[in-house]
Every structure is written in structure tokens, then in C-alpha cells.
Amino acid sequence: MKPALRRFRSVLAANAPARISFWVLVALYLSALLAPWLAPYAGDDESRARSWAPPSAIHLRELDGSWHAPFVRSVSYSFDDDALRVWSEDSTCRFPIRFLVHGRLFGLGNPVASPIVGRDAVVGGDAPAANLHQRQGRLYLLGADARGRDLLSRILYGSRVSLTIGVVGVAISTLIALVVGGIAGFAGGWVDSVLMRLCEVVMLVPAFYLLMLLRAALPLDWDSRVVYFYIILILSFLGWAGLARILRGMIQSLRQSDFLAASRALGLSPWRILWRHALPQTFGFLSVQATLSIPGYIVAESGLSLLGLGIQDPQTSWGNLLEEAMSIAEIRLHPWTLLPGVFLFAAVLSWNLLGDALRDTFDPRSLS
Amino acid sequence: MSTLLSVEDLGVSFATPEGPLRAVDGISLSVERGAVLGLVGESGCGKSATASALCGLLPPGARTTGSVRLSGRELTSLSEPDWRSVRGRRISMVFQDPMSSLNPLLSVGEHLVETLRTHQNLSRAAAREASVGWLRRVGIPDPAARLASYPHELSGGMRQRVMIALALCPGPDLLVADEPTTALDVTIQAQILDLLATLRGELGMTMIFITHDLGVVERVADRIVVMYAGRVAEEGAAARILSAPRHPYTRGLLDSVPGFRPRTGRLPSIPGAVPSRRDWPSGCRFHPRCAHADAVCGESVPAAPGPDGGAACFHPAGVP
């Protein structure tokens, strides 16, 4: 595998978009791994008083003109005549943004009384210093959802599902396709016939009706870890057959090739010829195919979530986060609900560009 | 000298929708240990089918009849797993086109190490060392550095050298070289032929050298078998066949090699083409193209040459 790694590095060195994609993906997967530390709030930490809060304004100046480290204000809303939320900031105190607080990378520190407001602004005669601790600020870098949950945190937690479901799903379906397609193409004869008829049966299963059936048959209240695995299972089950047929065709045409005849003439075992000589010829195609289908899995997961089969609130995935951005009205009022789509787009695009680089890696001819 | 390989009445037929197609129709030959047999003939005469049958590499639809014995062991009845113990170790093969006979995704070293470790119980390091030795032996400059090269980085001649190293490294008793120089430039051809001659001297190699080129076979073979239309036309010591061919077909072949015999005027060629395998001519299969054919040639089949050589012809030249 070492030469392949070295080749991959030189391919990346020569291909700037792939290099950027690679680091984007590294960053995305690292942030998924570190989500509990990077996210300022837990994914289900809600604050209903701040339903649909827009991204927090980050201030540097107090009302008296003094400069401070970045801070945010507590916000609240009222409704205007059209029943739309109107947000106002509470200027009586500020919430400094602090790093490495509450066991997370960043969050809000304790409130500090605003110097200019003083006693006059206090309603009910309490000294500001006395009720300061009752005030709560929330940091919404990317806005909030209907229940006042921080969208950034939810995107970070959701990436754990969305970024892995495609990779694991594609890995499983590709592996099945490799084994089935490889054996069918290599063995030929009745083995080939049986395996290909099996593929056709799987391809005949109408995906949508299968999903509806499963929706009806399976319990609603499954733990989302279980749901996660059965989504992967369903998607890989639906995905392997087409790929297996293509692979079988590729292996079949490879069987005619001189170098497979040569490796037979040199006395190599059929397994060795299949795994080391025949199947690797398809890796270039497979790597492109796999990276191209990862986005499909990510999107399919969101489709399943929409049907109530996928990851359900309060657990998050990019798919079910995007459900909130499904109507024009929502997007107009809360445009930040589209942001999970930006992450989805970045991940999908990066996988595709990386797919090209992978293909070049597996084909040494492309280098010289 | 003992006989290493003896082929008796070997027939190869392929199943086709229009019925069986007999590519090889009862050929017999034998190869002495340490000797080089040249198998000569035009395209479609059954040379390559014979070679494939010797290595058990015929496609699944093919049927073989007759007998092939290697050191007395019958090969035609071997099962596929048994064949594996023969290929490489007992009979190895060099293919025609070095451009496509190496796996493009594996380096030269990976090819050699894999083959060596398939046949010998070697550590990876020992196999690498042995690989360097083999590359040096087949005349590849800077062999240690070449281990990391991929096939596309090598020239055709270099690739064929690698193929030869691959075929020889398991230590086969018999090497079948199926037109190993046909795809190469003439100068490279000569180098490869020299290499095979050198290796033969070093290793005491037994070889069947298949070619359509009499100029090539002259340089390597001790004995020559000329095939025509699935049968043996003539057999004999190389020197005798090249200097005094008896079969009109052999003569025609020799006459059509430029510069082989001093000659003036237009280079002669054998009229017509090799007949279709679906529709062999009756009697002597060469008779429609033969200048000496008479009535008997079209009716009965001439006897195949015996073990001492000779021509399968009713009117052989040079025989009273």
C-alpha cells in the first residue's frame, strides 16, 4: 500500500482542487469527530424564548464607546403587526465570548453589567448586579432553529451522521459488489448466471415501496444508533447490485487480457489472479464511482429522514436539518436554515474532486 | 538425451454455434531435454492453440484429444488445480505481446516477487534479492532500481526481458515461447534471441519456440516442426529443413523470406491463403496452393512425418 500512498501524495501535489478538497474533508471529518468539543452547545440544548433567533451580532464596542473583547447581547423578540418576529437586544449587560469554557472550545462567559445603563434601566428597582446572574445570553453564530437550538452545534453533531453514512454505506455496497461481481465475472458459467439473476432480483425491488413497507413494519421509537445502522443497511442493499453488474462486465472483459493469461501461465492461484490482478484494474473506476455515490447516500439519508425513516429530532443529521428549509416562506424568514446545505455542498464537491485524484492514484499511467 | 515432452496425435477443437472447429488436427512431436524445438507456421495454422494446450490455457469451450506427456506425466487429463502445479514450475510461457502481458498496475518487482513466492518458500526480502538477480540475468541495466518501475515505463524489449525473467524464475523444465519477438523491432528481436540463446546455455533450458518467421527460428532451434492447417507438414533437424526442405510448403515459406536465399527479381510468395478452419480442403490440406499437386493429393491424406522427421507429402523434394 506504501507506493499507493506515495502516488496519492504526488497526485495531490499536482492537483490543487483535489488538495483543497482533501483538506476540506479532513477538516469536516475532524470537526465531526470533535463535535462535542467544538460545538458551543449540546445538539438538543434548546431555548424556546429564542425560537428562530438570527445569527448573533458580535460587538466590540459598548454603548459608552469603550472597546472590549468580542461579546454578544441577550436577545428577545416581540411580534409586529404582520405577526413577524422583531428582535431586540438587551443592552444592560454583555456576554463576552470566551475560549475553553465549560469543557468546550468556546462559549459565553458570565454577564458583565453595561456601564452606561446603570440603575435607570433597571425595571422593578433591582440593582443590576443582583439580577445579572439571572440573565442568560446565547451565542448563535449561525442562528437558531424553531426551538432556539444553536444551528452551528446541530450542524456539527449532524455531520457525524451525514459524513459517515455515505462512507460506510458506499464501503459496504462496494465490498458486496466487488465480491459478487468479481466472482461472477471471473468464474463465469452457472455461478455467473446465479449471481447475476440475484442482482437483477435486487435491482427489481422498487426502492420507494420498500422504504414505505419498512416504514410501516418497523417501530417508530427506535434508538437513533439503531436507525443509523439500518439506514446504512437499506442503502447498501439497494446500491450494490448495479455496481456488481458493471464490475462483472469489467472482469469478464479483463479475462481476455494477456496479462491475466500470463499470470495463469506463471502458475498463480485463481484467487490471487482475481484479487491482485483482475480486481485492482477496476479500482480506478471504483474510486470515482464510490466517491460519486457518497453524496447520493447523504441525500438519500435526508430523504429517509423526511419519510420518518431516518434520523429523527432531537438527533440531527444534515438531511433532517435541511427539512426546515423546505419551504420558501421558511427560507425567506430564516435564511440561515439553508446553511446545512452549504456544508453538504462542500462535502459533496470535495468528495467528487477527491474521486478524480483517487482515480489518478490507482492508475500509474496517469502520472508520467 | 531423454525425451522431456512428447505430444501424440494432439487435437484441439473449439465449440462454436456452427459446430466444433478443429484448430489442431492430430499433431505429434517430441522435445528432448535441453533442446529447442521451433514450431513454425502461418497465422491460423494452429501454433498458438498448440501452445495453449501445452500450458492448459485453452478457453473453457475447447476440447483436447490425444496425449501430451511431460516427463511421462499425462497433462491432457489434468484438472485445473493440478494444472496449477504444472504451470510456472514445469511449463512456463512467454507471450507474444510484452506490451499487454504485464499487469499495468504492478511494478516489475511486484511481478517477480509474487511469482517467486508462489513457487518457492521465500521471504519477501529474499524474493526481492532473487528478483534483482533475475533482472540482471536477463540483461536489464541497473536491476535494483528497475524493481520499482512500472511496465509503462519500460520499452518493449525491456518488458519482454521482464516477461522472460518471470517465466524462468520458477525454474520450469520447459519454456514455451509463443512468438516472443514478433511484436518487437528487428534490432530488439535480435537482442532477445541472443538473450534466449545465452540463457539456454546457462540454464540448460528446454524450449518450444513458436514463430512464423523462419529467419528467427534459424537462430534458436535445433529441430523444426512446420505446421500447416492444423497438421504437421514437415519435421526435421533445423539445418536440414532450412537447407533442404522437402515439403513444398516449407520451400514456399523459405523462398518468401527476403534475403534467406540469394535470389534476383521479385520475391516469391505462396499463392492463396491458409484455408478456413471451418472448411479444410480434402486430402493434403496444402494441395490447393501447391504447384506439385496431382490427383492423389486431393484424395488421400499423406502420412505424418515419423519420429525421424520427413515431410507429409506425396511428392517430397530431394527424396528419390
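**Reading a two-chain model**

Student: How many salt bridges does the rule find across the interface of chain A and chain B?

Tutor: Start with the general idea: side chains of opposite charge can pair when their charged atoms come close. The rule wants a side-chain nitrogen of Lys or Arg within 4 Å of a carboxyl oxygen of Asp or Glu. Across the interface of chain A and chain B, three salt bridges turn up. Keep in mind that this is a predicted model, where local features need pLDDT of at least 70 and side-chain atom pairs count only at pLDDT 80 or more, while totals for chains, interfaces and linings use all residues. Residues are numbered from 1 along each chain as its sequence is written, chains are lettered from A and ligands numbered from 1 in the order in which they are written, and side-chain values use heavy atoms, with hydrogens and water left out.

Student: Which residue does R276(A) form a salt bridge with?

Tutor: R276(A) pairs with E114(B), and their closest N and O atoms are 3.2 Å apart. R276(A) sits in helix α10 of chain A and E114(B) in helix α3 (residues 108-119) of chain B, so the pair joins two chains. Helices here are DSSP runs (H or I, at least four residues), strands are E runs of at least two, and both are numbered from the N terminus.

Student: Is E114(B) buried or exposed?

Tutor: Buried means under 20% relative accessible area, exposed over 50%, and partly exposed in between (1.4 Å probe, protein chains only). E114(B) counts as buried because its relative accessibility is 4%, whereas R276(A), at 26%, is partly exposed. Another salt bridge brings E80(B) and R264(A) together at 3.4 Å, N to O.

Student: How much area do chain A and chain B bury between them?

Tutor: The size of an interface is often given as the accessible area lost when the parts come together. Buried area is that loss (1.4 Å probe), summed over both parts. Chain A and chain B bury about 2,300 Å², 57% of it on carbon and sulfur atoms. In chain A, R264(A), A265(A) and L266(A) lose the most area to chain B, together 28% of what that side buries. By contact (heavy atoms within 4.5 Å), 23 residues of chain A meet 28 residues of chain B.

Student: What is S92(B) in contact with, leaving aside its neighbours within four places in sequence?

Tutor: S92(B) is found in strand β6 (residues 91-94) of chain B, and its relative accessible area of 0% makes it buried. Its contacts beyond those neighbours include A265(A) and L266(A) from chain A, plus V176(B).

Student: Which residues touch the most other members of the largest nonpolar core?

Tutor: In soluble globular proteins, nonpolar side chains tend to be buried together. A nonpolar core is a set of buried Ala, Val, Leu, Ile, Met, Phe, Trp, Tyr and Cys residues joined through side-chain atoms within 4.5 Å. The largest one has 99 residues, and L5(B), I164(B), V176(B), I208(B), F209(B) and I224(B) touch the most other members. Helix α6 (residues 156-168) of chain B gives the most to this core, with seven residues. A second, separate core of 53 residues has A32(A), V72(A), Y157(A) and Y228(A) among its members.

Student: Back to charges: how many salt bridges are found over all chains?

Tutor: The search of the whole structure gives 26. One of them links R223(B) and E235(B), with the closest N and O atoms 3.1 Å apart. R223(B) is in strand β9 and E235(B) in strand β10 (residues 231-237) of chain B, so the pair ties together parts that are twelve residues apart in sequence.

Definitions and conventions
Buried area = accessible area lost by both parts, 1.4 Å probe.
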